[in-house]
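Work through the exercises below with the sequence and the structure side by side, and try each task before reading its solution.

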Amino acid sequence: MSEHADSYEGHEHHHKETFVTKYIFSQDHKMIAKQYLITGIIMGVIGVIMSMMMRMQIAWPEEPNVIFEALLGRWAPDGVMDADIYLALVTIHGTIMVFFVLTAGLSGTFSNLLIPLQIGARDMASGFLNMLSYWIFFLSSVIMVFSLFVEAGPAAAGWTIYPPLSALPLAQSGSGMGMTLWLVSMAIFIAASLLASLNYIVTIINLRTKGMSMTRLPLTIWAFFITAIIGVVSFPVLLSAALLLIMDRSFGTSFFLSDIFIQGEVLHYQGGSPVLFEHLFWFLGHPEVYIVILPAMGIVSEVIATNSRKPIFGYRAMIAAILAIAFLSTIVWGHHMFISGMNPFLGSVFTFTTLLIAIPSAIKAFNWITTLWKGNLQLNPAMLFSIGLVSTFLTGGLTGIILGDSALDINVHDTYFVIAHFHLVMGISALYGMFAGIYHWYPKMFGRMLNKNLGYIHFWVTAICAYGVFFPMHFIGMAGLPRRYYTNSNFPLFDDLQDVNVIITIFALFGGVVQLVFLWNFFYSIFYGKKTVQNPWRSTTLEWTAPIKHIHGNWEGKIPHVYRWPYDYSKPGHDEDFVPQNVPLKEGEEELQH
Amino acid sequence: MTAFLTIIVLVFITVAIWQMVKIFDLAQVNKDNSQVANDKDNRINGYLMLGFLAFIYGITIVCFVKWGDLPLMSNAASEHGVKIDNLMIISMILIFIVQTITQFLLHYFAFKYKGEKGRKALFYADNDKLEFIWTIIPTIVLAGLIIYGLFTWTEIMDINEDDDPLVIELYAQQFNWKTRYGGADNTLGKANVRLIDINRANILGLDESDPNAQDDIITTELHLPVGRTVLFKMRSQDVLHSAYMPHFRAQMNCVPGMITQFGFTPTVTTVEMRQTPEMIDKVANINRIRVEKSKKLIKKGEEPLERYEFDYLLLCNKICGKSHYNMQIKIIVETQEEYDAWIKTQKVFKNSLIN
């Protein structure tokens, strides 16, 4: 592997670049990473605006709202939101945040940026595939956004698009053209994601520089590697589910449908089962939450070690935990289906596997906390977001032992308790991981620094709002309030929860608005940020040995060789408190094998 | 109007933040401008970490005090509901302890070890004993929870025809519920949506030739005799629905093309539940809120809200289309005598058909 990498040297330097090959159809992993990031941010803005509209609807359901009138047009006559569009907002918010922001935006950005740079490779194994995967992803984003503008409205069956609701245009207006576009967009998205994942796997296995053994890989790379494998294993199953659903919708097959009487007529479908769809969906759907959270965890491990000026505690245990989570994640999908009508015995099995996953998760949390212990913490914005991730991951993860327990799930299934749980444990946590990554590697991406004071404001307001939104939600969930209700005003039983909903909405609006600080910081600093030094965080990993200016092939001259693991921070016997991976061992110095 | 005001306030706050940021920026011009945290940043953010810990504890306490009476946690109205509540309380206590300790360690360490120039971190990469401890403790605790949970689950899901339950069909359609009682033989007749004949008023698609179907009773109300085990057989005619009965800790999806089931024994009648002190308080509070709302409505020239009286509810809890948010039916739990009197007034299937 190393020979190949070395012989590459100097090749690309004389390559002529035009605007198009440099900024648009670029095959350079660093540019592709930026493309993923900016697309992800744009999709994120759409997703967050949708969530703010949903929250306003829930808090003030009967009142006309100028924002609705402005943004939703005929879906909000006189500013009062239509019930169909509420469900569409729920659906598209979920889809965009899970797939377009936290899968493509997070994993796509940082896998592309860091894999070649941190393993010491000139670029991805296939630059062309990499470019292709971004542009296919871009196409799917365009289709998803376009679906917001079709006549009958976008898909509105929830991001889980359970048939028959999603299969029958008679059942709901969003299940017409909107749903077709949703399915096409997702099918294309999956193709993009598979191309990208295969590329990541091949690159990590084959293109590591000399000395970069698997146990000298930074935890970021381990996380991206395992994430890509989970993606390759589970995404095709969602693709098959989407294709079968397209068949049911458009070609009259009955994979998921049977015995349906709707609007006065019996439909011809016979023999299919909606529960089959649920199995296929969650076979991806559950691993998907790990596809979202593992890269965030990898980023956070790296940021915490660097800013604690300490080795990550229990490096091998962290790898083992990632592997265990990856394995278990593929055999727990049934915990989304305890009350779907599947055999209760299966419920028992899935309770067992689900609660097992708490063990590697606990190991990770404890190891992060121990890494902080007796460190010399540099509380940069990236570090704050990393600590924030550990906090929300704990808070959200702990309630998982309620939802994972089939007996308890009976009563809180599909209530706001679930919303609170998964937003904290994978939504907010993964977003924090993404922010941590952006603040940490911004200098690497753009050659400039983000303003730290804006970063501090961004973190603290976001952190308070995240808890303010999602913590009280557990309580209204336990009081029995179902999710995906357009308004609760038809249930006097829930009248006493309305003040909680108003408080939650106020936090949500603040939290959404403060992201403007981040957006300003991000786009302003691209052009006017302070110029960075080569290794601003005094980090040990290889990406900081590459020049600030982006060049094809990443390093001028030879690729650095690796002599040690990536966490030699504050190692006794060295003057500096960090020893980069490309520094050979001193005479008599022992390499830690942890 | 409130919404509009909120938006205006938010806009002002945005502008304010913007201005503050600018001032911040200007004030920073001549200082160390490296954008990497210095000792001062570490100190400020270290203290903020402590503040944030207090915030987490504070919001926990406020939530538990204000909304922690959890009206749906302490007064289960079914036999198995009590078991679920016990398991829930044990899990909650456990979570509460772990949450309090781990959040403390995380934020306290972030404060205690905030960086200072010249300090050197401890090079401490591994400790097998420690890692073993925090692998084995969660394993043991979770094993306990799993076993407890599985026993409870099996018991709940185990109800079937052998227990001689009252069999009731819950029939879901966009956007309402129908119920079907087995009649004198307590046996539901065969049914399929293909047999629905609206013209003859066979709205649930019962097989007219099935002798068991003849005395079935189709209604739009759900009455349950207290103390008698009920077994719900659930059907849906169009899309997925979920029959959620929060007071009974019961929920099961209704799936087109198959029959799902869930059984439980109601233990408290509607009348008794209305008279429990917690429920009297809750209802009084809700009515206070409704009176306030009504005042506003009257000002706008609209009808005031009706006074609320407690009833058990069955609500749809699986996204099912436009009016998902209002797909509900009252559940009336009553004494056996009241139930018998009610069921007698209902028409049996063969008499309800239009020929």
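**Exercise 1.** In which crossing, left-handed or right-handed, does α5(A) pass α7(A)?

*Solution.* This is a predicted model, in which local features need pLDDT of at least 70, side-chain atom pairs count only at pLDDT 80 or more, and totals for chains, interfaces and linings use all residues. Residues are numbered from 1 along each chain as its sequence is written, while chains are lettered from A and ligands numbered from 1 in the order in which they are written. Begin by finding helix α5 (residues 83–119) and helix α7 (residues 177–206) of chain A, which pack at an angle of about 20 degrees with their axes 11 Å apart. Angles under 35 degrees count as roughly parallel and over 145 as roughly antiparallel, and α5(A) and α7(A) are therefore roughly parallel to each other. The crossing in which α5(A) passes α7(A) is left-handed, that is, the near helix is turned anticlockwise from the far one by less than a right angle.

**Exercise 2.** Describe how α9(A) and α10(A) are arranged, and which residues make their contact.

*Solution.* Helix α9 (residues 274–308) and helix α10 (residues 315–329) of chain A pack at an angle of about 170 degrees, with their axes 10 Å apart. The helices α9(A) and α10(A) are therefore roughly antiparallel to each other. Their contact (C-beta atoms, placed from the backbone, within 7 Å) involves residues including H286(A) and Y290(A) of α9(A), and M318(A) and I322(A) of α10(A).

**Exercise 3.** How many residues of chain A are in contact with chain B?

*Solution.* Chain A contributes 121 residues, in contact with 113 residues of chain B. On the chain A side, the largest share, 13 residues, comes from helix α17 (residues 452–478).

Key:
Axes are lines fitted to C-alpha atoms, for helices over the stretch in contact, and angles run from 0 to 180 degrees between N-to-C directions. Helices (H or I, at least four residues) and strands (E, at least two) are DSSP runs, numbered from the N terminus. Angles under 35 degrees count as roughly parallel, over 145 as roughly antiparallel, 65 to 115 as roughly perpendicular and the rest as oblique. Two residues are in contact if their C-beta atoms, placed from the backbone, lie within 7 Å.
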